[in-house]
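Try each task before reading its solution.

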Amino acid sequence: MNESHLKFLASPEWARMLEADLLPWVETAGDLGDDVLEIGPGPGLTTDLLRHRVDRLTAIEVDPELAAPLSDRLRGTNVEVVCADATNAGLTDQRFSAATCFSVLHHMTSAQAQDELFAELHRVLRPGGIFVGADSRDLDPIRAGHIGDTFVPLPPETLAQRLGHAGFDRTEIDVGEYQFRFVTRKSDERP
Ligand SMILES: C[S@@+](CC[C@H](N)C(=O)[O-])C[C@H]1O[C@@H](n2cnc3c(N)ncnc32)[C@H](O)[C@@H]1O
């Protein structure tokens, strides 16, 4: 991430926005259950939001310079920080009750990597598990904030089909002014 983006994601202002805006939506999206997977915690403000509300949280962060300090800060809590690419982190089949992914998809290197992540999350969720996420729309001011950074926006109108291809169903998407949010589900019928 570029320096100014990173600074903002660690700021009290971002923490307040998450608490006021993202959290109420997450709470209505569905029950996260007891064993939650967070993709892309970055500096960890979304991790802080989640960790007080679930029994166990596993946060997968690909950037070692972000994963190491987060792991140090959260040592001895209910959070395990794993430094890995979430498309291939060696997680157990059908372990998690829910997965979350906040402002991460557009930071992935390609649409193919995003699709690999969807397939991987479907594999590691339990039957009936939910996947909730939020991501940026492709707008000029948001592009401007990602100069020198990875920016692979995901068109929200393609999301339900892409999640369906990974095996998810009952996808609901809310498109807002700058962001879209979604909740999707793994079927609770066991194979
Ligand atoms: C914009 S930050 C979001 C941080 C936090 N979720 C928030 O909303 O404040 C995106 C994070 O996703 C991480 N990321 C990108 N691709 C990833 C991948 N394949 N596996 C795990 N983490 C990834 C980046 O390193 C970055 O820390």
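The exercises below go from the sheet to the helices and then to the salt bridges.

Before you start, note that this is a predicted model, in which local features need pLDDT of at least 70, side-chain atom pairs count only at pLDDT 80 or more, and totals for chains, interfaces and linings use all residues. Residues are numbered from 1 along each chain as its sequence is written, and side-chain values use heavy atoms, with hydrogens and water left out.

**Exercise 1. Work out the order of the strands in the sheet and find its edge strands.**

Step 1: Helices (H or I, at least four residues) and strands (E, at least two) are DSSP runs, numbered from the N terminus. Two strands pair if DSSP finds at least two bridges between them.

Step 2: β3 (79-83) and β6 each pair on one side only, which makes them the edge strands.

Step 3: A98 has I130 of β5 as its bridge partner.

**Exercise 2. Find how helices α4 and α7 lie on the sheet.**

Step 1: Contact means heavy atoms within 4.5 Å. Axes are lines fitted to C-alpha atoms, for helices over the stretch in contact, and angles run from 0 to 180 degrees between N-to-C directions.

Step 2: Helix α4 (residues 64-73) lies across β2 (56-61) and β3, at about 155° to β3.

Step 3: α7 touches β5, β6 and β7, and its direction makes about 165° with that of β6.

**Exercise 3. Check the length of helix α5 and find what covers its buried residues.**

Step 1: The expected span of a helix is 1.5 Å times one less than its number of residues. For the 14 residues of α5 (111-124) this should be 20 Å, and the end C-alpha atoms are 20 Å apart, so the two agree.

Step 2: Buried means under 20% relative accessible area, exposed over 50%, and partly exposed in between (1.4 Å probe, protein chains only). The buried residues of α5 include A113, L117, F118 and L121.

Step 3: Their cover includes strands β1 (35-39), β4 (96-102) and β5 (125-136), along with helix α7 (156-165).

**Exercise 4. Is T47 buried or exposed, and which residues is T47 in contact with?**

Step 1: Locate T47 in helix α3 (residues 45-51).

Step 2: T47 counts as buried because its relative accessible area is 0%.

Step 3: Leaving aside neighbours within four places in sequence, T47 contacts E38, P41, L57, L70, L74 and V79.

**Exercise 5. Compare the salt bridges D21 to R181 and E120 to R123.**

Step 1: A salt bridge is a side-chain nitrogen of Lys or Arg within 4 Å of a carboxyl oxygen of Asp or Glu. The whole structure has 15 of them.

Step 2: In the bridge between D21 and R181, the closest N and O atoms are 2.7 Å apart. This pair links distant parts of the chain, with D21 in helix α2 (residues 12-29) and R181 in strand β7, 160 residues apart.

Step 3: D21 is partly exposed at 45% relative accessible area, while R181 is buried at 13%.

Step 4: E120 and R123 also meet in a salt bridge, 2.7 Å from N to O. Both lie in helix α5, 3 residues apart, about one turn of the helix.

Step 5: E120 is buried at 12%, and R123 is partly exposed at 28%.
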